[in-house]
Amino acid sequence: MTIQKIKRRTLLKSVGASTIGLPLLEEMLTSKASAAPTKAVPVRAFNVFFGLGIPAPLQTEGFEGVLEPLKPLSDKLLIMRNVDQVRCDEKGINAHYDGASGAFTAEPPNGEARSGGPSIDQVIRKTHYPKGLPPGMVPTLVGGTFFRRSRIGRYVHSYNQDCTVAATMQEKPRDLFDRVFGSISLTGDATDVRRKRLKRSVLDSVVDDYKYYTGVNSPLGAASKSRVADHLDRIREFEQRAYALKEKNPNAPKLPPRSQILHGGPADPGGMGVDITLNELTTEWRLMADLYALAIQMDRTRFGALTFLAAGERIRLTGDYEYNGKKIWQFDDARQQNASGDKGCSHEWWHKFNEKKKNEALRAHAHMKMREVAYFLQRLNGTDSKEANGRTILENSLITISTESGDGRHNNVKRELSGVFHAITGANGRFKTGEIMDVGAEGVDVYNTMLEGMDVKERLGPAKRKTNMVDSIRA
Amino acid sequence: MTTTSRRFVRRKRVLSFLLLIFVLPGSLNAAVPRVVRGLQALYTFDSEHGTTIRDQSGVGQPLDLKIEKPAAVQWEGGVLVVGSSTKILSSAPARKIVNAVKRTNSLTVEAWIKPANDRQKGPARIVSLSANSSQRNVTLGQEGKRYDVRLRSTSTSTNGIPSTLTPNNLAKTALTHVVFTRDALGTARIYLNGKQQASQKVAGKLSNWDKDFRLILSNEITGDRPWLGEFHLVAIFSRALTANEIKQNFQAGTAVKPNNAPSKESLAAATARHVFETRIAPLLARNCLDCHDSSSKKGQLDLSRKAAALAGGESGKVIVPGKAGESLLWEQIKSGEMPPEGQSLTNQEKTLFRQWIDNGAVWSIDLIDPAVYVHDSREGAAWLQRLTISEYIETVRSTVGVDIAKEARELLPPDLRADGFSNTAYNLNVDLKHVEIYARLAEIIVDRMDVLKFAGRFSKSQKLSTDDTMRQFIAEMGKWLLRGPLDDREVTTYSGIATTVAGAGGNYQEAVRFMIEAMLQSPRFIYRIENQRGDGTAWPVGEYELASRMSYIIWGGPPDQELMRAAGAGELQDRTVVKKQIQRMLKDPRAVDRSLMFLSEWLNLGRLRNLRPDPKKFPNWNEELALDMRQETLAFFNEIVWKQNRPLADLLHAQFTYATPQLAAHYGLKPKGPGLVRYDLSSVPARGGLLTQGSILTIGGDEASMVTRGLFILHGVLRGVVKDPPPGLDITPVPSMPGLSQRRIAEQRIANVSCSGCHLKFEPLAFGLEKFDGLGAFHERDEHGNQLRDDGEILFPGAAKPLAYQSSAALMNLLAESPRVQESITWKVAQFALGRPLVAADARLIDQIHKAAQKGGGTYSSLITAIVLSDLVQMTRTETTKSEAYE
């Protein structure tokens, strides 16, 4: 299925900043390179999370192994090895969750639904925009494509000072689109938006229920079924009217297609995992990634988190995997493991990781994740993402890419939360790029060094702790 | 099979079942009868030869078994001897058994057998519902010297392990009555020869039974667990027989066998009757009886009564049974001469008549009542019942304790009347406004709830998680809110809301809020969802479905905790328990409210709000009077039905009423104290009974139209049928003048040949009310000075001659004592209870209900009890799907 690339220029013409009075990127674009950029490139920080991690040994293969898809961007990334998050371990709760909560916060979780501290992007946001972001902008944009849902730390990766989620997760491309383009609220009233999102989920579940009674498994007879079908039609009408886009403009951006994969409750049947094809997964993710990137390009958001597959994700993936025209692997998790349910999920490859073995399936999964993360990063690296200073959005922003663990075998917490993959962008020349570096430091110190580099005085981690700066990452 | 032949087969089975019911008791001698309640499949092995073992239960589609290797067995006088390994299995999955057991969560497997030896193991499969040696729903087997029963439930394996075993040395090579039961509460028992030999807890629900397993005797489907021995009888029930019932079946022995499938002749007779009652009778009613019923009798031919029809008219016999060619009726129909007006019969309908006469002109009901055929089967179809506004209000109040009456009545679109009631299911559709308002009301309701307190009833934890605790909580709360257990899909959907709330930084309270909001808009809340899929026959309704039917019929609201408990424990399978519950429920004030709602709808009391009498004609009118009239009728009903527990028929002529001083004055009674007070009417002969109350008398409008009043009595009280006036007729009421009273005007209409046919049927009914004006006040003369009378005639539907009455009191007495009126009240109450108009297929059942109710005194309570205990409520007509129907 071909993905309709959303034409940024067409969008700029229509939904145009004229309604919100923001400086147009377009203007910045057309100004000649010779003109010294008096306008500062905005400070941006995003957390990109991918689930299940890359076992530390696989990170040592440079770009020949699972990191191959990052190669085209290698000169814009700093890949950091041997970053450990052991301090994030909480006894009794599994490391997937702890590691996930620790990603970007460097603290152990504070309960089921809270992090242990703010995430990097939020700390930077507070410092650089103490009075809030320009009106009409989404203060923090949180999106993702994922399934495993027990405990929000698995799939939300942006947290406030008070350890609550920094924004509502937009898990369907349409939701994200609506959040960015459909419900621009000049007063920046975030709670209204949140409530609307929650109401939406209520309505979604109601629709699911009615759909069931009109479907093939319905216990109803013909007459009753048609009655319910009528009711469902009315609900759809209601949906349209209640949640229609505010801006009705003939050139208005087209609503992205409906999500085809599972969401909400059915997406996580109690941890038993879902069946999904590579095509379905990447189609949805790329649509999400495109929209998120678009939101950044149009300067509708400068902070937030994007998640590709949750921490401890459970999917049974099928489909042929090709990269650069070569077939790398055929995904068929359940059959290849000769198991069903949760035992047949790709998650199990991580449990079975053995340095001495080939780990082909795991490698293929990790490689694929890197490919999809790279897809998003590339969206911010094209010619249509060049900013006033001649650099791309990717180069100018601080994008932190991380995950929940450095090993998946659950038999050694130290190992599990050590060597957690990290990669960052240069943030407009603040940090080194084009290297794979053996950092050998705690995540909290790495993050605090990043904060220092971003001119942020606040620090993550325990209040009294003295930061050990990791100067090697500074440019 | 084509649809018609499939329907035919279905009817055949239904009829043979009916025949079984009627024939069975007669065929028994002094021997003990077998217990049959809950029977799903029955094999008696009295074929004597052949490879097919017929299912004699008469329930649903028969599940016949086939012997795979005929050489392995021998027939010996009612016994099947299995000498070597073979399989005796059904060709299709045992759907009816699986579905029934899943619903009732209990079962009995019964067998009269004689093992060939006490060494066979495996266990050797005696009776099994399974797929192979590791996948089963239930298997009764022999493991050497013991009997071993494996049962699949949500807490045993898919192989039914751990099994229930008898003690050792009990499996002997002698004829043994082996019975396995598991009740809805999870206790499994094995009885041998009437004595309990094993008891074990087999917990969990049987809801995980596989619907694709076949029934097999004497082996596994895979052929690797043979059992050798004698089969005398095998039966499967969808309930756990009690110890006494098992003793009864043990005493009944194997010699007592139910009759074989009815003979060809009796089947043919039953079919002919069915054809007459559902095809011929409606045709006669719609096309012939206008002119050829007992009273109109054109050409002296009365086609409404069997004897009269067969006797013929002035042209002699019109029907010669078996010879359509010699039947005048057929000639007239064939040539199109009859019916003389209106639409002639279609070719199909004509053929039906011919076939019917040729097949012997079987006439199985004494009187053809056109009222029975007014509604065709489409309206009797199983339409999903949406909660009416009052049911919605009561459901919210009962489940979450919030009073949403004001907002619900203000905001929701009103429920419209159809066929005389506003709870008629096919008319309760949903528009955009409904969806919008249900969403809004859900929000308001949750705002008013103490959400944490409510949640606390179902779970101690207040943690926002999506683990098992949350799922368990959702299942418990959902079961209460949605009137029955949730399945996994539903639990998953609602827990998805919890995660979304978590993903938005919400807390437990918020999550519960939104889940409740979702549940309040769920189809399971807004509608009374029931299983309607099956094999096309009538199935017993599920226990929670029955609980809801009972509570909505009796209370107009959801089941209370006690009823839910009884449903969950499987108690509602037992008629005596159901009776007790009905009695308990009738004592609740909600039963009174519901009955008053029925009255309000039947008599359309809502009309009173909108009365606008001409102030010139009625200068003393005020709106209060209309409200008082409504109160009068409700209080009157309340006293008859609830305070005095009198027969419903007394509503027509009881000599008292309730009135405010204002209303009393209006009626010409001496006003007593303030407020609504009881007035004894024994000395006011003209008044007493519903028809003499303002709420009914105002039906005719300012001019007290005899047509309107008469039609009300005809339709609402007598259940009569009359055609609409022909088009193009000026039906403006003719005003009275000096010398021309309304009665005279009516008599003129009746004298007119083109009007009398229909008007004779209803206008004289209103003659007895002539002295009551358009607002129900009593006068001897009308405003023009015309002398008013109150004598007249009443032609009861189906009667040959009208009955005369001399006064309105006499009219009321005639009505009260009329079996026709009593039946009509039963029909009305039943219609309101079911939420649909009654159709021809219901006629027999309603008749039984009416008789049972009359036996109980003809009171509202006895009627409601009879309705709830009848098959109209206990059973549900199923529709087939491709996957359910097996030929």
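Student: Which side chain of chain B does A:R195 meet in a salt bridge?

Tutor: This is a predicted model. A salt bridge is counted here when a Lys or Arg side-chain nitrogen lies within 4 Å of an Asp or Glu carboxyl oxygen. For A:R195 the N to O distance is 3.1 Å, and the partner is B:E443.

Student: How many salt bridges are there between chain A and chain B?

Tutor: The pair A:R195 and B:E443 is a salt bridge. The count between chain A and chain B is five salt bridges.

Student: Which helix of chain A gives the largest share of the side that touches chain B?

Tutor: Two helices of chain A, α6 (190-214) and α7 (222-242), each supply at least two residues of that side. The largest share is 14 residues, and it comes from α6(A).

Student: How many residues on the side of chain A that touches chain B are charged?

Tutor: The contact takes 46 residues from chain A and 51 residues from chain B. On the side of chain A, 21 are nonpolar and eleven are polar. The charged residues there number 14.

Student: What part of the area buried between chain A and chain B do carbon and sulfur atoms give?

Tutor: The buried area between the two chains is about 4,100 Å². Polar contacts are also present, with 22 residue pairs between chain A and chain B, both residues at pLDDT 80 or more. Of the buried area, carbon and sulfur atoms give 60%.

Student: Which cysteine holds the sulfur closest to that of B:C291?

Tutor: B:C291 counts as partly exposed, at 26% relative accessibility. Its closest cysteine sulfur is 9.0 Å away, too far for a bond, and belongs to B:C758.

Student: How many disulfides are there over all chains?

Tutor: For B:C288 and for B:C291, the closest cysteine sulfur is too far for a bond. Over all chains the count of disulfides comes to zero.

Student: What percentage of the residues of chain A count as buried?

Tutor: Chain A has 14 helices and eleven strands. Among its contacts with a separation of 6 or more, 72% join residues 24 or more positions apart. Buried means under 20% relative accessible area. Of the 475 residues of chain A, the buried part is 60%.

Notes:
Residues are numbered from 1 along each chain as its sequence is written. Chains are lettered from A and ligands numbered from 1 in the order in which they are written. This is a predicted model: local features need pLDDT of at least 70, side-chain atom pairs count only at pLDDT 80 or more; totals for chains, interfaces and linings use all residues. Side-chain values use heavy atoms; hydrogens and water are left out. Contact means heavy atoms within 4.5 Å. Buried area is the accessible area (1.4 Å probe) that two parts lose on being put together, summed over both. A polar contact is a pair of N or O atoms within 3.5 Å; within protein, one must be able to donate a hydrogen and the other to accept it, and residues adjacent in sequence count only if both atoms are side-chain atoms. Helices (H or I, at least four residues) and strands (E, at least two) are DSSP runs, numbered from the N terminus. Ala, Val, Leu, Ile, Met, Phe, Trp, Tyr, Cys and Pro count as nonpolar, Asp, Glu, Lys and Arg as charged, and the others, Gly among them, as polar. A disulfide is a pair of cysteine sulfur atoms within 2.5 Å. Buried means under 20% relative accessible area, exposed over 50%, partly exposed in between (1.4 Å probe, protein chains only).
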